[in-house]
Amino acid sequence: MYFFIALHIFTNLRASREKSKFICYSEAKVKPREAGTYEFFLSLRPQKPQRLPPNNTMEILDILKEVEHPAKGDRNIVELGMVDQARMDGNKVVVVLAFPKHRDPLAEYLIGSCKAALIRHLGKGVEILVETIVKEEPKPKKAGLNLGTEEVENIRHIIGVASGKGGVGKSTVAVNLAVALARLGYKVGLADADVYGPSVPKMTQTEGASPEAWQELKENGEEGKEIILPIEKYGVKWMSIGYFAPPEQALIWRGPMACNALKQMILQVRWGELDFLLIDMPPGTGDIHLSLAHDIPMQGAIIVSTPQDIALADVEKGVNMFLNESINKPVYGLVENMAWFTPAELPDHKYYIFGKDGGKKMAEKYGLPLLGQIPLIQSIREGADQGEPAALSDEGAGAYYLDLARTLAGQVG
Ligand SMILES: Nc1ncnc2c1ncn2[C@@H]1O[C@H](COP(=O)(O)OP(=O)(O)O)[C@@H](O)[C@H]1O
Ligand SMILES: [Mg+2]
């Protein structure tokens, strides 16, 4: 009989012990215990009711919003971006507060306030660890310079069209080359970076066009950068400072202002997917070129010159600028513009008005390919003035630009 009573008590005790183990494990706060009479009876004590700890960062952050920063107009530490981490680690809440400098006089006060808020909500059973790190405040970004390269990330080749000297036909080559590449089936854009003399609007008869622009919204609701849509015509996407400022105004722009405007003309434009983005660069080899080459992921350049000695002397500077260590971009080749003149009434005659083969010789000197020789043709000048680029036609002048486009495409791959 005693034996059965003892057996009954023993079986019940085992059942309770299993149950108690379950209780122990189910409460994150209490460590699992080894089986043992003493431990067993302890675990049977009624557990002190407490609120369940938060299981995600958002809940902890909600609690921390109660902690106001006394020196910042009582804004809370979450809103001030001071909470670098907030996580639940088993039974432990870990909060990391970021301070802009070592030994912040308010650090201790804020750590205490965080602990107090967490204990108020979670009870004393949860272990609370509040740590600090030093994170320097990001320096305020200068307007216009905080442009990322997202808008040009889907462009295969960004190529500068440069010249040592003005007036050698750089813009005419750039515009016609863009049209010719588009006619070969490539997706093409052209950014007119010649802030001192934007000629793309006139050369494409898009003067007066006003590109659509809007302010982008970031995911967190903050205002992002302004996005500009290029003007599309002749199968090419065009962008020019000339769409925003009359040429006489652009002329008075100086240094940094011009640089910023230029970067915007390229990095704020929604180009989409392109095979080629040509950049009609300002003439010369100044700061603007250096800044452009550094801030825009330009792949390389082509250089336009007439065969005249005086123009070629400057081309040398242009080539050296790109090859120089600080820019270090390949020059894909030279385009000799106004290479000769052939009057309509004497189609077999070539007059070398600016000298013969100057560009060719320069290309040989630098071991660069001569991408093309384009003669001085009246229809090229007329096309430029009327806004109908010569490259739109297969005949006459158009053929030279189509050849040039094929050679360049072959050159850059
Ligand atoms: N191959 C050419 N044949 C005839 N006229 C040309 C040719 N290339 C350029 N021009 C003309 O020369 C002038 C200067 O050309 P432009 O492209 O504006 O030079 P840049 O951009 O180097 O200052 C323009 O009037 C243009 O129409
Ligand atoms: Mg020009």
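The stops below lead from the whole chain to the sheet, the core and the ligand.

**Before starting**

This is a predicted model, in which local features need pLDDT of at least 70 and side-chain atom pairs count only at pLDDT 80 or more, while totals for chains, interfaces and linings use all residues. Residues are numbered from 1 along each chain as its sequence is written, and chains are lettered from A and ligands numbered from 1 in the order in which they are written.

**Stop 1: the whole chain**

Helices (H or I, at least four residues) and strands (E, at least two) are DSSP runs, numbered from the N terminus. Of the 413 residues, 33% count as buried; a residue is buried if 20 or more other C-beta atoms, placed from the backbone, lie within 10 Å of its own.

**Stop 2: the open sheet**

Next, select the 8 strands of the open sheet, in the order β8-β9-β5-β10-β4-β11-β12-β13, with mixed pairing. Two strands pair if DSSP finds at least two bridges between them. At the edges lie β8 (231-233) and β13, each of which pairs on one side only. From one strand to the next, the twist averages 25 degrees; such angles run from 0 to 180 degrees between N-to-C directions, along axes fitted to C-alpha atoms, for helices over the stretch in contact.

**Stop 3**

Select β8 and β9, which form a hairpin with 2 residues between them. Their pairing is antiparallel, over 3 bridges, and Ile-231 stands opposite Trp-238 in β9. Is β9 (residues 236-240) buried or exposed? 5 of its 5 residues are buried, so the strand is largely enclosed by the rest of the structure. Val-236, Trp-238 and Ser-240 point one way from β9, and Lys-237 and Met-239 the other way. In a regular strand the side chains alternate between the two faces of the sheet.

Move on to β5, which pairs with β9 in the parallel sense over 5 bridges. Strand β5 (residues 188-192) also pairs in the parallel sense with β10, where Val-188 stands opposite Phe-276. In β10 (residues 274-280), 6 of the 7 residues are buried, so this strand too is largely enclosed by the rest of the structure.

**Stop 4**

**Stop 3: the nonpolar core**

Select Leu-177, Ala-178, Leu-190, Leu-278, Ile-279 and Tyr-401, which touch the most other members of the largest nonpolar core, a group of 79 residues. A nonpolar core is a set of buried Ala, Val, Leu, Ile, Met, Phe, Trp, Tyr and Cys residues joined through C-beta atoms within 7 Å.

**Stop 4: ligand 1**

Finally, select ligand 1. Which residues come nearest? Of the 17 residues around ligand 1, they are Gly-169, Lys-170, Ser-171, Thr-172 and Arg-381; a residue counts as near if its C-beta atom, placed from the backbone, lies within 6 Å. The elements that give two or more residues to this shell are α5 (170-183), β12 (331-341), β13 (370-376) and α12 (378-386).

Technical notes: A residue is buried if 20 or more other C-beta atoms lie within 10 Å of its own, exposed if 12 or fewer, and partly exposed in between; C-beta atoms are placed from the backbone.
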